[in-house]
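I opened the model to take notes on its fold, its cores and its ligand shell. The entries follow in the order in which I looked things up.

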Amino acid sequence: MKPDYSVRQSRTEPASAAAQRQDAGETRACRQAVARGDYKNWMPKGMIWSFLGGAIGCGIVAVVLNALLNGTLKTVLTIVFAALAVIFCGMTIWAALMHRAFSYDGKRQMSRQIIEGTAAHVKLPAGGKCLDVGCGSGALAIAVAKRNPQAQVVSIDRWGKEYASFSKQLCEDNARAEGVKNTSFRQGDATHLDFPDGTFDAVVSNYVYHNIPGDRQQYLLETLRTLKKGGTFALHDIFSQSKYGDMQAFTQRLKDMGYRKVALIDTTDGKYMTKFEATWMGLSGSALLTGIK
Ligand SMILES: C[S@@+](CC[C@H](N)C(=O)[O-])C[C@H]1O[C@@H](n2cnc3c(N)ncnc32)[C@H](O)[C@@H]1O
C-alpha cells in the first residue's frame with residue numbers, strides 16, 4: 001500500500017466510522033513504515049521559544065516602564081514595548097503553526113510530502129550515483145536511497161548554526177534507523193562543490209539555495225556542473241523573482257545549453273502545498289526544477 005501524501009485539506013472523508021478507523025490505522029502504519037528517522041523540523045522549536053521569550057520580555061519591560069516613568073516618555077516607551085510584545089506574540093503563533101504543518105509526526109506532514117514528491121523524480125541506474133545538496137537531516141537523500149537501493153546517494157551540507165539541529169551524525173543515525181546502507185554524508189559548500197564535472201547520474205536538493213545570499217542561478221549551475229550528460233535533476237526551492245531573478249529565462253538558458261525536458265513545476269498548486277499554505281508560510285514561488293542534462 002502506498003502512503004497518502006496528498007494535501008490533507010482536499011481529502012474526502014471516509015463514509016463510515018469503520019472506514020475512518022481503518023483509514024487512521026493504515027495511515028499510522030504507513031507513517032511508521034516510511035519514517036523511523038528523526039528528521040527534525042524546518043521550523044526549529046528553539047525559534048518558537050525565542051519569539052515567545054521576546055514577547056514575554058517586551059511585555060514585562062512595557063509594564064515596568066509604565067510603572068516607573070511619567071509623562072510623554074512613559075507613554076511613548078510603553079506603547080513601543082507593548083507593540084513589540086504583540087508583534088513577538090504574532091511571530092510565536094506563526095512559527096508554532098509552521099512547525100505543526102512541517103512536522104513529520106503531525107496531521108499535515110508537509111515536509112514528508114515535499115521530500116517524497118521530489119525523490120519520486122529520481123530513477124537511478126544500478127551502480128548509479130546521486131548527489132543531495134544541502135541534505136540537512138538526510139530526509140531527501142534517504143528517500144532517494146530507499147527508492148534506488150541499487151545506487152549510491154552522496155550528500156553534502158555545511159551544517160551551519162542557522163539549522164543547529166541538523167548534523168552529519170543525525171544524517172548517519174537516520175540512515176541507520178531507516179535501515180538504509182547506500183548513503184554517505186559529508187561537510188560541503190553548495191556554492192563550490194568538491195566534485196569533478198559530470199560525477200553524478202542525478203542531483204537533488206530541497207529548500208537550500210534560497211538560504212544562501214548571492215547569485216542563486218549560479219549555484220544551480222554549480223550543482224548541474226556535477227551532473228553527467230543524460231543525468232536527471234530535481235531541485236525544489238522558492239524560485240521567486242526576488243530570490244532568483246528570471247527563472248523562465250534560466251530554464252530557456254538550460255534548454256539552449258542542450259538540457260532536455262526542462263520544466264519549472266509549480267508545487268504550490270496542491271502538488272506539495274496549497275496556494276494558501278504557500279502564502280502564509282512564506283513559501284510562495286516554491287517549484288521543482290526538473291529535467292535531463
Ligand atoms: C531548510 S534546510 C533543508 C534541509 C534538507 N534539504 C531537507 O529538505 O530537509 C536548508 C539546509 O541548507 C543547508 N545549507 C545552507 N547553506 C548551505 C551551503 N552554502 N552549502 C551547503 N548547505 C547549505 C543548511 O545547513 C540546511 O541544512
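How many helices and strands does the protein have? I counted 10 helices and seven strands, taking helices as DSSP runs of H or I with at least four residues and strands as runs of E with at least two, numbered from the N terminus.

**Ground rules.** This is a predicted model, where local features need pLDDT of at least 70, side-chain atom pairs count only at pLDDT 80 or more, and totals for chains, interfaces and linings use all residues. Residues are numbered from 1 along each chain as its sequence is written.

**Burial and contacts.** I call a residue buried if 20 or more other C-beta atoms lie within 10 Å of its own, exposed if 12 or fewer do, and partly exposed in between, with C-beta atoms placed from the backbone. Of the 293 residues in the protein, 36% are buried. I call two residues in contact if their C-beta atoms, placed from the backbone, lie within 7 Å. Among contacts between residues at least 6 apart in sequence, 70% join residues at least 24 apart.

**Helix α3.** I looked up α3, which covers residues 71–102. Its 32 residues reach 47 Å from the first C-alpha to the last, close to the 46 Å expected at 1.5 Å a residue; the expected span is 1.5 Å times one less than the number of residues. Which residues of α3 are buried? They are Phe81, Ala85, Phe88, Thr92, Met98, Ala101 and Phe102. These buried residues pack against α2 (45–68), α4 (110–119) and α10 (275–280). An α-helix has 3.6 residues a turn, so residues three or four places apart point the same way. I also checked methionine 91, which lies in α3. Methionine 91 counts as partly exposed because it has 17 C-beta neighbours inside 10 Å.

**Cores.** I take a nonpolar core as a set of buried Ala, Val, Leu, Ile, Met, Phe, Trp, Tyr and Cys residues joined through C-beta atoms within 7 Å. The largest one has 55 residues, and Cys130, Leu140, Val144, Val203 and Val204 touch the most other members. Helix α5 (residues 139–147) gives this core its largest share, seven residues. Domain 1 (45–102) and domain 2 (112–292) each supply at least three residues; the domain bounds come from an automatic or database domain assignment. Another core lies apart from this one and has eight residues, among them Ile48, Phe51, Ala55 and Ala85.

**Helix α5.** Is α5 mostly covered or mostly open? It is mostly covered, with seven of its nine residues buried. I listed them as Ala139, Leu140, Ala141, Ile142, Ala143, Val144 and Ala145. They pack against α4, β1 (129–133), β2, α6, β3 (183–187) and β4. From α6 I noted arginine 176, whose C-alpha is 9.9 Å from that of isoleucine 142 across 34 residues of sequence. Arginine 176 is partly exposed because it has 13 C-beta neighbours inside 10 Å.

**Valine 203 and leucine 224.** Not counting residues up to four places away in sequence, valine 203 touches Leu131, Val133, Thr223, Leu224, Thr226, Leu227 and Phe233. Leucine 224 lies in helix α7 and is buried because it has 20 C-beta neighbours inside 10 Å. With neighbours within four places left aside, leucine 224 is in contact with Val203, Phe233 and Lys293.

**Positive phi.** Most residues other than glycine have a negative phi. Tryptophan 159 has a positive phi of about 45° and sits in the loop between β2 (152–157) and α6 (168–177). Tryptophan 159 is buried, with 22 other C-beta atoms within 10 Å. Tyrosine 207 has a positive phi of about 50° and lies in the loop between β4 (200–206) and α7 (216–225). Tyrosine 207 counts as partly exposed, with 18 C-beta neighbours inside 10 Å.

**Ligand shell.** Which residues are closest to the ligand? Of the 21 that surround it, Gly134, Gly136, Arg158, Ala190 and Asn206 are the closest; a residue is near if its C-beta atom, placed from the backbone, lies within 6 Å. The shell divides into 11 nonpolar, seven polar and three charged residues. Here Ala, Val, Leu, Ile, Met, Phe, Trp, Tyr, Cys and Pro count as nonpolar, Asp, Glu, Lys and Arg as charged, and the others, Gly among them, as polar.
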